Amino acid sequence: MRAPARGRKAGMLALLLAILLASGLISLSTGQGGIYGPLDILQTLRQWAGSATPGESLTESATILFYLRLPRVLLAVLIGANLALAGALMQSLFNNPLAEPYIVGASSGASLGAVLAAALGAQTMVYGLNIMAVAAFLGALAATFLVLAVARRTGGLASNTLLLAGVAVGGLMQALTSLLILHSSPNQTLPVLSWLMGNLAYRDWNYVLMLLPYTLLGAVIAQGSWKMLNRLACGEEAALYLGVPVVRAKAILLLAASLLAASAVAAGGIIGFVGLMVPHWMRRFTGADYAVLLPACLLGGSILLLWSDLAARMMLPGREIPIGLVTGVLGCLFFLYLLKEKSGDSGKI
Amino acid sequence: MADPAQDPILEGAGLEVWYGPHPALQAVNISLRRGELLCVVGPNGSGKSTLVKALTGILPLKRGTVQLLGAPLAGYSRTKLSRLLAVVPQTTAMLFSFTARQIVEMGRYPFTGLWETLRPEDRQRVDEAMELAGVAGLASRRADCLSGGELQRVILARALAQRSQALLLDEPMLHLDPGRQIQIFELLSSLASSENLGILCVSHDLNLAAHYAHRIVLLSRGSIYAEGRPEVVLVESSLYRVYRLETRIIPHPQTGRPLILLSGSRFHDVPDAGPGAGITERRTV
C-alpha cells in the first residue's frame with residue numbers, strides 16, 4: 001500500500017522536473033530580442049562549445065542566448081527555488097501557515113542596505129556585482145541577526161517573540177529607508193525603487209555564480225531537516241517530546257532560510273508571495289510531509305518564477321515590468337482562490 | 001503491583017514552578033515506578049499539566065530536580081530523552097494536515113539518523129502502535145478529516161511508537177466517549193504490566209482513576225494533597241476539601257475499589273439558587 005504512494009510521489013517530482021525543463025527551454029527561446037527554436041538553441045550550443053578557444057566572436061543570437069537569456073533563466077530558477085524553500089522552512093519554523101521568507105526582516109534589511117548603497121553611487125560594482133546587491137545581502141543578514149538577538153534577550157526563540165522582534169526591527173528599517181529615499185535625489189532613488197520591486201534584467205553570470213552556493217547549501221540543510229520540520233509543524237511542545245532540540249534546530253533553520261532569502265533578494269530584489277504561494281500550492285499535490293514537499297517547492301518555485309519572469313519580459317512591447325508586480329498579482333489571485341475554496345470549510349490552509 | 005523497593009524510572013523532588021509571580025507547583029515530590037499506572041487528579045488549575053511539563057523538562061524549575069533512570073534530566077539530549085520518555089500533550093496544534101500514519105511515524109524519527117528514512121523495524125513499530133491505539137484503519141486519513149477523539153488516539157499511537165520506558169499522558173481521555181475512555185485505560189493498565197512501562201496519566205475522571213490506577217496523586221493548589229492507593233486517596237473528606245464536591249464513596253460491587261457517587265442533595269435544599277449558591281451555603285455550615 002505504501003510502495004505505490006511513494007512511487008506516485010517520485011512520479012510527481014519527475015513531472016515537476018519535466019515541466020521545469022520545458023519552462024526553462026521556453027523561457028530561453030522567448031524574449032524581446034527574438035524567438036529561437038530548439039534547433040537554434042542546439043546550434044548555438046554547438047557553436048559555443050566549439051568556440052572554447054578565446055578570441056572567436058559569437059554570433060548575435062549566441063550572445064543573446066548565452067550572455068543575456070541563459071543567466072537570466074538560471075537566475076529565475078535559483079531565486080524561485082530559494083524563495084519557495086525559505087517559505088516552506090519559515091512556515092514550520094514559525095508554526096504559522098502565513099510565514100514567508102521576508103518575515104524576520106530580510107526585505108526591510110535588504111531595502112535599507114540597497115538605499116544606503118545607492119546613496120554611495122548605484123553604479124559601483126563589487127566583485128562583478130552591483131553594490132546594491134551586496135549591500136542588500138548584508139542588510140538582510142544584519143536584520144535577521146538583529147531580530148535573533150532581540151528575540152533571544154526576551155525569552156528564547158518562541159515563534160511569537162521572533163515575530164514581534166521581526167515586526168519591530170522591520171518597522172525601524174523601513175522608517176530609515178523612507179527617510180533616506182526622501183533625502184536623496186530622484187536619479188538616485190529611481191534605480192533603488194526599480195530594484196525594490198524585483199527585477200531580473202541586466203543580470204550576468206556573476207549573479208548566477210553568487211546565488212548558486214546559497215541555493216545548494218540551503219537545499220541541503222532543508223532536505224537534511226525534513227524530519228525536524230515535520231515535527232516542528234506539530235507545535236513546539238510536541239516537537240520537544242519527539243526529540244527535536246528546538247532552540248538549536250530553530251537557529252539553524254532560521255539561518256538557512258535567511259541565507260536563502262537574503263541571497264535571493266540580493267540577486268533579484270524583493271519578489272513577494274513566491275515563498276508564501278509555492279509551499280501551499282505544492283502541499284495540494286504532495287501533502288504535508290516535508291520529505292516530498294521540499295523538493296517539490298524547489299521545483300515549483302523555479303517554475304513559477306520562470307513564468308513570472310517571462311510575463312514580466314513579454315507583457316508590454318519594448319519594455320519590462322518589475323517581476324515583483326507579476327508575483328504580487330499572482331499571489332493575490334492565488335489567495336482569493338484559496339479563500340473561495342476554503343469558505344465554509346475548517347479554514348485550514 | 002510495582003515493587004516498592006524498585007528504583008523509580010522518573011522522579012521529581014522538591015519541584016517548584018512559578019508562572020510569573022504566581023506559584024504553580026510547590027514542594028512536589030513524585031516518583032513513577034516501572035509497571036505502575038499512576039493517575040494524577042485534581043481540580044482545574046491545581047498544577048496537573050504543570051507537573052507533566054516539569055517532569056519532562058520543558059518548563060524551567062525554580063527549585064527541585066528531576067531524575068530519569070537515576071540521572072538528572074538536564075543531562076539528556078532531547079533525542080535521547082524522547083527514546084526513554086514519551087508524552088501525550090494536552091493540546092494538539094497540527095499546522096498542516098499530515099496523515100494519521102505520518103503523525104505516528106514521527107514517534108520513530110528519534111530512532112533514525114539524520115539522512116535516514118524509517119527502517120523496516122520502525123515501520124513495524126508504527127503498525128503495532130496504530131493497532132494498539134485502534135487507529136490502524138485510519139492510516140491514510142488526513143488530520144483535518146479526523147474527529148477529536150480519533151486524533152487523540154493517533155497522538156497516543158505516536159507516543160506508543162516511541163517504545164519509551166515511561167509514558168506521560170495529559171488528559172488523554174479528552175474528546176473520548178466512555179467506551180473509548182475505558183479502552184484506553186485498559187490499554188494503559190495492560191501496557192504497564194506487560195511492557196513494564198511506568199505510566200503517569202492526568203485524568204479528570206475519578207472513577208476511572210479509582211478503577212485502573214495502582215496509585216493516585218491528588219493535587220490541590222500546586223501541592224500534593226494526598227498520595228497512595230485509590231482507597232486511601234479517594235475519600236469523601238479529601239474530595240470535599242479539594243474539589244468542594246459532595247460525594248458518597250462506596251466499594252465497587254465487583255472490584256472493591258472506591259466508587260464515587262456524586263450527591264448534589266445539598267444543592268437542592270436551596271430553592272432558586274444555582275450550584276454556586278449551594279457551595280457558599282455548604283461552606284458556611
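**A loop and a helix pair in chain B**

Tutor: R163(B) sits in the loop that joins α5 (148-161) to β7 (166-170) in chain B, where helices (H or I, at least four residues) and strands (E, at least two) are DSSP runs numbered from the N terminus. The model is predicted, so local features need pLDDT of at least 70 and side-chain atom pairs count only at pLDDT 80 or more, while totals for chains, interfaces and linings use all residues. Residues are numbered from 1 along each chain as its sequence is written, and chains are lettered from A and ligands numbered from 1 in the order in which they are written.

Although R163(B) is a residue other than glycine, its phi is positive, near 50°. R163(B) counts as partly exposed because it has 19 C-beta neighbours inside 10 Å (20 or more would be buried, 12 or fewer exposed, with C-beta atoms placed from the backbone).

In the contact (C-beta atoms within 7 Å), R125(B), V126(B), A129(B), M130(B) and L132(B) of α4(B) meet A157(B), L160(B) and A161(B) of α5(B). By class, the residues of this contact are 7 nonpolar, no polar and 1 charged, with Ala, Val, Leu and Met among those counted as nonpolar and Arg as charged.

Note on methods. Two residues are in contact if their C-beta atoms, placed from the backbone, lie within 7 Å.
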